[in-house]
Amino acid sequence: MSKKTDYAAVKAKLKEFLADFQVLDDNGRKEFKYASQITNIAHREQESITIDLDDVAQFDEDLAEAIRSNTRRYVLLVQEVIDELIPTYKEREPAAKDSLDVYINHSKMIEQRVRGEEPDLARANNNRIPPQLTRRYDVAFNAFSTQKPVAIRQIKAEYVGKLINMKGIVTRTTEVKPLMQVATYTCDQCGVETYQIVSGTSFMPQQQCNGEDCRVNRSGGRLSLITRGSKFTKFQEVKIQEQSDDVPQGGIPRTVTVYCTGELTRQCSPGDTVNVTGIYLPLKKEGYMAMMSGLVSDTFIEAHKITKLNKTEGDASLDDEELSEEELAALTETDFYNKLASSIAPEIYGHEDVKKALLLLLVGGVDRNPSGMKIRGNINVLLMGDPGVAKSQLLGYIDRLAPRSQYTTGRGSSGVGLTAAVTRDPLTGETALEGGALVLADQGVCCIDEFDKMDEGDRTAIHEVMEQQTISIAKAGILTTLNARTSILAAANPAYGRYNVKRSISDNINLPAALLSRFDLIWLIADKSDRMNDLRLAKHIAYVHQNCATPQTDTNPLDMKTMRRYVAQCRKKNPIIPQDLTDYITENYVLLREESRNLRRAGGGLFTSARTLLAILRLATALARLRLVDIVEKDDVKEAMRLMEVSKISLKEEDSNRTVQRVVDRIYEDIRKLRQDGQKTMKISDIKERCTAIGYKPTDIDECLAEYESLDIWQLNQPKTKLTFIS
């Protein structure tokens, strides 16, 4: 039989701990850690107090363990102890008075005036002002620093009522709404006030007055709810999903519901990786729902502390921690641009310029808002290449490196999954929007693999995001615009699986021009055979596979933590383009436009538009950010244009070697396609009619007929009305 707990002795211990626990401050002086917080609570300068179990363990280890295993009960005990200590620590009356204070003081004054001299008419228990109504603070516990996080899948019945620690990804948050904690009623017959303590998310309102007068006279007074005398607190429901590393083979991610109240609301948003400390509790149901629920109970976690985490590290996020002068000096040494680029996916051999482009994508350009119009600063990159050139590996690394990112694939994503879906809130029954991958990646990076496999209808959903950086919704009576300020990093294969050198670049890419123009950099990577390069690549892959490490190079790659902090510091800069660079940029853009026009006339090249000019400006400002300066220099513009040129250089060589097919030859191929099997003769009028419908000029058709007649491919009769094939 378990030993019965003496809660009076426990309260005495807690009172001693809160009043006497001391820590040393920075100057080595003793400081009463919790007594000073109780003073602030008494003066309404603090709304919550968090007690570390490590501090309780220093005072009494058994007490700390008891709190961990029965946390909900000890929260009530600590609140009772603080209520007893507040009059001792109160030095002055709080200055701010709200309507609830006025209501409580008025009720106390009326009670003293009417019933003070008649103790027999003292209020019943449910008519007395409860301490929950006058209490203006929350009590929370922080778990042991040595307590390991529990996987969401392992949170079972043994943890009910205990303080647990867990990690996960926030998938959904509701709006912050008021939650009733104490309901105050007044009787329409006797005027007595009745108080009802609400412990869950739902309750059954009282109807009949049970005051002394109504009970004796049997008048059956009806109760009316007074919102001015009731107590409400901020409430938010958060859905947390387990991390992908914790999902077993063949399983699907589990989710858990977290209830946040008071100052813990609005602490996280969808897409954040968080560490939650709270109490695992069953959900209490009232009335008809309680009868229908049966023996199985829903569960939730009552949050006590929420901490945002890095994506790959168990420690708290260090992105806000700025780099020191010594660290900056070490990073910005000679050739730091190449050093930072080589630190991106060091296990992948080569692709130096691709890594530089990905580094600029992480840093991003500067947003501009001239007279209400928005010009995006985020950089979009498309990696289009042959199979086996490590496109997906680069996407996976950027997904892990970026502080906020989402990874998805073309076939596994729908238009709704990328933008937003209309769902019904199970708690309130209201229609709500649930953000997709692009909304969750707001102010971050969205990596989309197998971009070419995506359905055309779903692909059009990201057109607005890539330029306007918003998602407009008009569904189920909801008309709104969601922010999706994200950089798109997409990877795709050419139209024919591998790059076909006999066809033009635009034929190989096979994506709409409206979509291609939204990408600042389109990186075309061809897997060309080269003995020396193949040998170095094979040695690199064999070394990484054998040693699970990166081969030694001239520069040691930076770790993810340092890279993330440096990128965060770069994004705080807002460089501008000086006036003297304007002419240089515009002249180069005109040359690019002319070159693109000539290439397209020759049957190759890609379309160049005004968005190309904006892409150059974005890349130049990103390079200036990378150097932590406030003004863009000419070298930044040159490097931006070099990256745009080198992104297509591997295919321009192939494209220049490809002989452009003459119009006469194309007409001959079309005539052969028109010829049916075994057909020896064709009418010239039919040939001209069909070729003209395709878009060929009549003069070109006549030239083709004459040229191939001279080559003895076919013969024409004297009036040139019939064509006869020789072979």
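How many of the 11 residues in helix H21 (residues 560-570) are buried? The legends below start with that one.

This is a predicted model, in which local features need pLDDT of at least 70 and side-chain atom pairs count only at pLDDT 80 or more, while totals for chains, interfaces and linings use all residues. Residues are numbered from 1 along each chain as its sequence is written, and side-chain values use heavy atoms, leaving out hydrogens and water.

**View 1. Helix H21 is mostly covered.** The answer is that 10 of the 11 residues in H21 are buried. Here, buried means under 20% relative accessible area, exposed means over 50%, and partly exposed is in between, using a 1.4 Å probe and protein chains only. Helices (H or I, at least four residues) and strands (E, at least two) are DSSP runs, numbered from the N terminus. The buried set in H21 runs through Met 560, Thr 562, Met 563, Arg 564, Arg 565, Tyr 566, Val 567, Ala 568, Gln 569 and Cys 570.

**View 2. Helix H2 (residues 33-42) is mostly covered too.** Seven of its 10 residues are buried: Tyr 34, Ala 35, Gln 37, Ile 38, Thr 39, Ile 41 and Ala 42. What do these buried residues of H2 pack against? Their partners are helix H1 (7-20), strand E2 (30-32), strand E3 (48-52), helix H3 (53-59) and helix H5 (71-89), where a contact is heavy atoms within 4.5 Å. Look just after H2 as well, and you'll find Arg 44 with a positive phi of about 60 degrees.

**View 3. Phe 21 and Tyr 34 form a tilted aromatic pair.** Rings of Phe, Tyr and Trp (its six-membered ring) pair if their centres lie within 6.5 Å; planes under 30 degrees apart count as stacked, over 60 as edge-to-face and the rest as tilted. By this rule, the count comes to 11 aromatic pairs. In this pair, Phe 21 and Tyr 34 are 5.9 Å apart centre to centre, with 40 degrees between the planes. Phe 21 sits in the loop between H1 and strand E1 (22-24) and Tyr 34 in helix H2, so the pair ties together parts that are 13 residues apart in sequence. Phe 21 and Tyr 34 are both buried. They also belong to one aromatic cluster with Phe 17 and Phe 59.

**View 4. Tyr 259 and Phe 300 make a stacked pair.** The ring centres of Tyr 259 and Phe 300 are 4.5 Å apart and their planes are at 25 degrees, so the pair counts as stacked. This one links distant parts of the chain: Tyr 259 is in strand E10 (residues 255-261) and Phe 300 in strand E12 (residues 299-308), 41 residues apart. Tyr 259 and Phe 300 are both buried.

**View 5. Ser 145 meets Asp 54.** You'll find Ser 145 in the loop between strand E4 (138-142) and strand E5 (163-173). Is Ser 145 buried or exposed? It counts as exposed because its relative accessibility is 60%. Ser 145 and Asp 54 are 91 residues apart along the chain, yet their C-alpha atoms are separated by 7.0 Å. Their side chains make a polar contact at 3.0 Å (N or O atoms within 3.5 Å; within protein, one must be able to donate a hydrogen and the other to accept it, and residues adjacent in sequence count only if both atoms are side-chain atoms).

**View 6. Asp 520 and Arg 618 meet in a salt bridge.** A salt bridge is a side-chain nitrogen of Lys or Arg within 4 Å of a carboxyl oxygen of Asp or Glu, and a search of the whole structure finds 23 of them. For Asp 520 and Arg 618, the N to O distance is 2.9 Å. The pair links distant parts of the chain, with Asp 520 in the loop between helix H19 (513-516) and strand E21 (521-525) and Arg 618 in helix H23 (residues 610-626), 98 residues apart. Both Asp 520 and Arg 618 are buried.

**View 7. Arg 642 forms a salt bridge with Glu 639.** The closest N and O atoms of Arg 642 and Glu 639 are 3.0 Å apart. Both residues lie in helix H24 (residues 634-646), three residues apart, about one turn of the helix. Arg 642 is partly exposed, with a relative accessible area of 31%, whereas Glu 639 is buried at 15%.

**View 8. Lys 634 lies over the face of Tyr 584.** Lys 634 is 4.5 Å from the ring centre of Tyr 584. A charge sits over a ring if NZ of Lys or CZ of Arg is within 6 Å of the ring centre and within 35 degrees of the ring normal. Arg 675 likewise lies over the face of Phe 725, at 4.1 Å from the ring centre.
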